[in-house]
Amino acid sequence: MGYSWLVGHDHHHNHDHDHGHHHGDGEPDNHLKPIEARVRALETILTEKGLIDPAAIDAIVDTYQNDVGPRNGAAVVAKAWTEPEFAARLADDATEAIASLGFIGRQGEHMQAVFNTPDVHNVVVCTLCSCYPWPVLGLPPVWYKSPPYRSRVVMEPRAVLAEFGLELPAETEVRVWDSTAELRYLVIPMRPDGTDGWSAGELAELVSRDSMIGTAVADRPASAAAGISTEATG
Ligand code: FE
């Protein structure tokens with residue numbers, strides 16, 4: 001009987017689920033989703049066997065959050081800063097412009113670029129979950145997925161940005177863009193002063209992950225940040 005097999009199968013499945021649940025042994029991680037629990041368990045076993053170093057894993061995740069992933073986005077921004085034609089293309093159809101650089105993949109099918117100006121500062125959130133433009137920014141940071149960020153940046157964006165160390169002029173309008181499964185946003189920060197003549201490669205170094213989410217602005221040139229006179233270049 002096909003149905004009894006299905007019922008039996010289903011029951012077996014539920015049994016397994018309950019089995020695992022009841023044998024959590026009071027570990028503090030019982031609230032983890034199954035996939036998170038499996039990852040945690042694997043990490044624990046591999047660590048105990050001396051096969052991996054948790055600090056190395058943290059370093060790898062950090063690298064993908066801060067360096068490898070966002071470098072794609074930084075290349076997009078730097079190209080927009082140096083090539084007006086590309087900037088126009090990016091404004092018109094970000095998905096196409098970004099794909100032309102080879103940055104395609106999941107969570108990047110429908111992109112929109114939002115450009116910061118002296119009058120408008122853009123910041124991105126996903127109020128429902130954690131939608132994020134993976135092809136250009138890599139893995140989302142933990143705070144992006146946190147309920148406080150997701151709710152507060154909509155209600156009090158200036159206060160949240162201030163906590164990130166970003167104080168905007170009072171006359172600058174703050175626009176908050178809510179990502180969805182259908183549409184992901186990439187903030188194009190303003191090009192910093194003192195970068196005339198810089199190559200796209202040099203400029204990309206100034207483009208942080210957070211500046212493309214909108215919780216920061218692009219870095220200033222090191223000489224300016226350090227307060228060193230740049231008269232020689234003027
Ligand atoms: Fe989401």
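Here is a short tour of this structure, from its overall make-up to a few single residues.

**The whole chain**

Keep in mind that this is a predicted model. The predictor's confidence, pLDDT, averages 82 over the chain, and 81% of the residues reach 70 or more.

The chain folds into 12 helices and 4 strands. Of its 234 residues, 25% count as buried. If you take the contacts with a separation of 6 or more, 71% of them join residues 24 or more positions apart.

**The strands**

Let's go to the strands next. For β2 (residues 120-125), 5 of the 6 residues are buried, so the rest of the structure largely encloses this strand. β2 pairs with β3 (residues 173-178), and β1 (residues 111-115) pairs with β4. The table puts the two pairings side by side.

| Strand pair | Sense | Bridges |
|---|---|---|
| β2 and β3 | parallel | 6 bridges |
| β1 and β4 | parallel | 5 bridges |

β4 (residues 184-188) is mostly covered, with 5 of its 5 residues buried. In a regular strand, side chains alternate between the two faces of the sheet. In β4, Arg184, Leu186 and Ile188 point one way, and Tyr185 and Val187 point the other way. Residues on both sides of β4 are buried.

**The core**

Which residues touch the most other members of the largest nonpolar core? They are Val77, Ala78, Leu186 and Val207, in a core of 38 residues. Helix α3 (residues 54-82) supplies the largest share of this core, 7 residues. In soluble globular proteins, nonpolar side chains tend to be buried together.

Leaving out residues up to four places away in sequence, Val207 touches Ala74, Val77, Ala78, Pro189, Met212 and Ala218.

Now for a contrast in setting: how many of the 15 residues of α2 are buried? The count is 0, and α2 is hardly covered. What about the length of α2 (residues 34-48)? At 1.5 Å a residue, its 15 residues should span 21 Å, and its end C-alpha atoms are 21 Å apart, so the two agree. After α2 comes Gly50, which has a positive phi, near 75 degrees.

Is Gly138 buried or exposed? Gly138 has 21 other C-beta atoms within 10 Å, and a residue counts as buried at 20 or more, so Gly138 is buried. Gly138 lies in the loop between α6 (134-137) and α7 (142-145). Apart from residues up to four places away in sequence, Gly138 touches Tyr64, Gln65, Val68, Gly69 and Pro70. Gly138 and Thr63 are 75 residues apart in sequence, but their C-alpha atoms are 9.7 Å apart in space.

Ala87 sits in helix α4 (residues 84-92). Ala87 and Ile188 are 101 residues apart in sequence and 9.5 Å apart in space, C-alpha to C-alpha. Ile188 belongs to β4, where it points one way along with Arg184 and Leu186.

Key
Residues are numbered from 1 along each chain as its sequence is written. This is a predicted model: local features need pLDDT of at least 70, side-chain atom pairs count only at pLDDT 80 or more; totals for chains, interfaces and linings use all residues. Helices (H or I, at least four residues) and strands (E, at least two) are DSSP runs, numbered from the N terminus. A residue is buried if 20 or more other C-beta atoms lie within 10 Å of its own, exposed if 12 or fewer, and partly exposed in between; C-beta atoms are placed from the backbone. Two residues are in contact if their C-beta atoms, placed from the backbone, lie within 7 Å. The expected span of a helix is 1.5 Å times one less than its number of residues. A nonpolar core is a set of buried Ala, Val, Leu, Ile, Met, Phe, Trp, Tyr and Cys residues joined through C-beta atoms within 7 Å. Two strands pair if DSSP finds at least two bridges between them. pLDDT is the predictor's confidence in each residue, from 0 to 100.
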